[in-house]
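Here is a short briefing to read alongside the structure. Take a moment with the fold before going through the points below.

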Amino acid sequence: MSTMSKLDFSQWSCPLPLRDYPSIVMGHGGGGQLSSELIEHLFVPAFRNPALESMADSTVLPRPAGRLAFSTDSYVVQPLFFPGGSIGDLAVHGTVNDLAMSGATPLYLSAGFILEEGFPLSQLAAIVNRMARAAREAGVQIVTGDTKVVEKGHGDGCYINTAGVGVIADGIEIGPTRAKPGDVVIVSGTIGDHGMAIMSVREGLEFETIIESDTAALNGMVASLLRFAPHVHVLRDPTRGGMATSLNEIATQSQVGILIEERSVPVLPDVQSACDLLGMDPVYVANEGKLVAIVDPSVAEAVLAAIREDRHGQDAAIIGRVTEQHKGMLAAKTAIGGTRIIPMQIGEQIPRIC
Amino acid sequence: MKYLDEFRDGDLARSLAREIRQTATRKWAIMEVCGGQTHSIVRNGLDQLLEGAVEMIHGPGCPVCVTPLELIDKALAIASTPGVIFCSFGDMLRVPGSRFDLFRVKADGADVRVVYSPLDALQIARENPGREVVFFGIGFETTAPANAMAVHQAKLQRIDNFSMLVSHVLVPPAIEAIMTSPSCRVQAFLAAGHVCSVMGYWQYYPLVVRYHVPIVITGFEPLDLLEGIRRTVAQLEAGVPQVENAYERAVCFEGNQPAQKLLSEVFEVTDRSWRGIGQIPRSGWKLREEYRDFDAEYRFSVEDIRAVESPICRSGEVLQGNLKPNECPGFGKECTPRHPLGATMVSSEGACAAYYNYGRFIAVDSIR
């Protein structure tokens, strides 16, 4: 057992005694020997930290100073590996970012796995290693977890749920109801990258260039922008539904209008082409490593500079402002000088016929 | 972006719009036939730039919108048949049939798949020899060549588990139907560039002669549309209607001849009923007798399905340009993109959905 735990799991490929089962069997979720082998040989070495290694029914953590932020999200992305990331990266980044958008410093995550019978252990190991790396880079610890196995055909290989806890320093008040007329709207980089990266591999579309997901943890960016502007009004990470959905929600919750300049919104040429081809609008396409910040005009330039300092924020731009007019609605000045409303979508964006 | 940014230039667009406003001595009613153009006009706010000079009337050119209700019901019946893999372009999934839509059938367990090309559906048929694979082949002349190719290949390669539910419609007979309608207000047409890239534009000359309307072949980017409108207004002011090609970079007089050859081999002209408009003689294509084995209507015996439209929905008048979407009594009330009564509220190219989504039902002046 002890020799097993010294293995280098970046090169992990079904060591003894797991080699009898190169893929997940029902027993891996049964709570017996197979379950504990999975934990001891895969999860613990990858996520290694004292809290996790206590192996108790619940993890006991010290009480941090300040208010707590708590968030959970489930990850069901297909395919599990895509250009620029994997479900493992998303499972860490997504929850870390949700915490960061309240101005919290993310501290601890839980990880729940729902695995389908027959899922290759080598793929699980690759996912777990990506999670471990993402957690290390974001400075959070995965301190508790769970694994269940469902019968073949009842799952899509691997689903992950993560929940996270973070701590908010005194004086930080960020929330979707706090946008005020006159505020400036900033986006931290090009929009639509993640959604189009997934579409390009999932739908068998062969674009000439590979679009990479932007999946990234944004807590570092948030920490540095809060140094310049502790009173930032709203932060959101525009994931599903894209930037347009986040801004619509803010407009509704804060009872303000938001007007953006279409020309100022950063979009990668490849993403724009792919969207044009499919009849989609990048403002509705998902992001996994971008944030929208709504700040007082007096600090807008400083916040923009702080975001651009971060390696995930080099393409950040001021894209619009908050208005008294058209409360609850998002509108855009089009590139040629017209105006349009950008409404919430009913469901998913659907590619158009022609 | 090369070949796109050039046609989205804001300064050029504004100067073209200014020229159009200066040329127009009265307000002209111009119909863009194609739904893709409607989408681009409303999305970019072109109609606002032309206010006072031009009224854009949104035509029946969204294939999703004009596909008759009973064909949707046939699609639903086929998709619900055990063992069938039903393939469709994405935006057909939300079009309501008499009782529900393809999304609902999918949620209830039917194997409904979104594809981007009929050839993808053919590939699915190849990979699933034990299953019946049906492609929902709708659209104008634009999508027809790929559909014809799929059926042609299926026959050639003996992929017998593939069939197509065909409801193709044609532009020139629709223009003719609009011009002969007693309430017609249309003074000129923008013809759809992609239709003409397949079919050429020789077919429009008789229409110009018969109805004395300018027909200008026009593209889809903001500058393409404004250039098409500029030439149309110039013709209207001069009083000399002509066929004019404002989309030279994609369209030539005779069109794509290999495509036309394939089309005439696979399809033949037929009467079609258009949702909300009614029967238009010789306005569509169906599979020829030689390809009958690949006709899903025939294979699944759904030829007798009949359907009745919503009494509230007036999408027919919208499609003919006689009613603005927001003038329909159901607009935004009983009928919304979430609960569409007619297909014009479903498709992102549909005039009603374009009005609803881009806020044409509120006073946009307030947000300038």
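In this predicted model, the buried residues of α6(A) are covered by elements that include α3, β4, α4, β8 (234–236), β10 (292–295) and α9 (300–309) of chain A. The residues in question are Asn219(A), Met221(A), Val222(A), Leu225(A) and Leu226(A), in a helix that runs over residues 219–228 of chain A. Viewed down the axis of α6(A), these buried residues lie within an arc of 150°, so they line one face of the helix.

**Domains and their contact**
- Chain A is assigned two stretches, domain 1 (4–168) and domain 2 (184–341).
- The centres of domain 1 of chain A and domain 2 of chain A are 29 Å apart.
- Where they meet, domain 1 of chain A supplies 23 residues and domain 2 of chain A supplies 24 residues.
- On the side of domain 1 of chain A that touches domain 2 of chain A, α3 (87–100), β4 (104–116) and α4 (121–138) of chain A each give two or more residues.
- The largest share of that side, nine residues, belongs to α3(A).
- By residue type, that side of domain 1 of chain A holds 12 nonpolar, eight polar and three charged residues.

**The chain as a whole**
- You will find nine helices and 13 strands in chain A.
- With a radius of gyration of 22 Å, close to the 20 Å that the globule rule gives for 354 residues, chain A is as compact as a globular protein of that length.
- The C-alpha trace of chain A spans about 65 × 55 × 30 Å along its principal axes.

**Packing**
- Of the 354 residues in chain A, 51% count as buried.
- Among contacts in chain A with a separation of 6 or more, 84% join residues 24 or more positions apart.

Conventions. Residues are numbered from 1 along each chain as its sequence is written. Chains are lettered from A and ligands numbered from 1 in the order in which they are written. This is a predicted model: local features need pLDDT of at least 70, side-chain atom pairs count only at pLDDT 80 or more; totals for chains, interfaces and linings use all residues. Domain bounds come from an automatic or database domain assignment. Two residues are in contact if their C-beta atoms, placed from the backbone, lie within 7 Å. Helices (H or I, at least four residues) and strands (E, at least two) are DSSP runs, numbered from the N terminus. Ala, Val, Leu, Ile, Met, Phe, Trp, Tyr, Cys and Pro count as nonpolar, Asp, Glu, Lys and Arg as charged, and the others, Gly among them, as polar. A residue is buried if 20 or more other C-beta atoms lie within 10 Å of its own, exposed if 12 or fewer, and partly exposed in between; C-beta atoms are placed from the backbone. The arc is that of the directions from the helix axis to the C-beta atoms. The radius of gyration is taken over C-alpha atoms; the globule rule is 2.2 Å times the number of residues to the power 0.38.
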